[in-house]
Amino acid sequence: MHPDAWTWGHGMRPLFDDRVDAGRQLAGALRGVTPRAPLVVLALPRGGVPVGYEVAAALHAPLGVITVRKLGVPGQEELAFGAVASGGLRYLDEEIIARAGVSPKIVEAVTARERVELDRRDRIYHEHHPFPEVAGSSVAIIDDGVATGSTMLAAIAAVREKHPAEIIAAAPVMSVEAAALLARAADACVAVAEPDPFMGVGLWYRDFSQTQDEEVLALLEQANSTARTT
């Protein structure tokens, strides 16, 4: 557990000022990992992009996005029972589906709804910033935090189909359970902190305000502009 995770009386205390601070701390943690091949950073929009931008800038790597949508339990949307990713891939957590009593009809309805938003974001993000070439590369998949691991697992499966040299799953903060899951699914798993109990990603940030599409596009443009001039 991160030494700053608790204060007197076991009150939770933020570990990161915001996603920029979190990205810079994560970049520091990733410096301890030696990639097998040239590094490509893929961030999960929207909240993972400011984090991924800082990682890519610090490690001098190109930045792209991989669109993934969480499938949330109705009435408990923060609890993911799965995720969908670009290319039609879907990951389902059968244990959570059974525990939450999510019917097959609800699974399909939520999936259909999230695919609409996934397709919209794919069009927006990739219109001027095509998905980077990752075959033979070391790929760091970045999010702003990982609770259940569903979205990251879907992203890992989607990227595997593009034949990278390796996949590194990385986030500033992960639950202990998700970190163990991702360590098995990816070639490496990196987190700044794995607090226990986890409670939720946003609790570990002082500023966890929602990232907008405009910010995602501006960061992609800035990253690509820097790459063109170096």
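This is a predicted model: local features need pLDDT of at least 70, side-chain atom pairs count only at pLDDT 80 or more; totals for chains, interfaces and linings use all residues.
**Figure 1. Arg206 sits in the loop between strand 8 and helix 7 (213–228).** Is Arg206 buried or exposed? Its relative accessibility is 54%, so Arg206 counts as exposed, the cut-off being over 50%. Even so, Arg206 has neighbours from another part of the chain: leaving aside residues up to four places away in sequence, Arg206 touches Pro14, Phe16 and Asp17. Look also for Leu15, whose C-alpha atom is 7.9 Å from that of Arg206, although the two residues are 191 residues apart along the chain.

**Figure 2. Thr111 is a residue of helix 4.** With a relative accessibility of 5%, Thr111 counts as buried, because buried means under 20%. Which residues does Thr111 touch, not counting those up to four places away in sequence? They are Leu71, Val84 and Arg90.

**Figure 3. Helix 4 covers residues 104–126.** Follow helix 4 from end to end: its 23 residues reach 32 Å from the first C-alpha to the last, close to the 33 Å expected at 1.5 Å a residue.

**Figure 4. Helix 1 is made of residues 19–30.** How far apart are the end C-alpha atoms of helix 1? They are 16 Å apart, which agrees with the 16 Å that 12 residues should span at 1.5 Å a residue. Among the buried residues of helix 1 are Ala22, Gly23, Leu26, Ala27 and Leu30, along with the charged residues Arg19 and Asp21.

**Figure 5. The protein as a whole has 7 helices and 8 strands.** Its radius of gyration is 17 Å, close to the 17 Å that the globule rule gives for 230 residues, so the protein is as compact as a globular protein of that length. The C-alpha trace spans about 50 × 45 × 30 Å along its principal axes. Of the 230 residues, 50% count as buried. Among contacts with a separation of 6 or more, 66% come from residues 24 or more positions apart. For the charges, look for 21 positive and 30 negative side chains, with the centres of the two sets 2 Å apart.

Note on methods. Residues are numbered from 1 along each chain as its sequence is written. Side-chain values use heavy atoms; hydrogens and water are left out. Helices (H or I, at least four residues) and strands (E, at least two) are DSSP runs, numbered from the N terminus. The radius of gyration is taken over C-alpha atoms; the globule rule is 2.2 Å times the number of residues to the power 0.38. Buried means under 20% relative accessible area, exposed over 50%, partly exposed in between (1.4 Å probe, protein chains only). Contact means heavy atoms within 4.5 Å. The place of a charge is taken as NZ of Lys, CZ of Arg, CG of Asp or CD of Glu. The expected span of a helix is 1.5 Å times one less than its number of residues.
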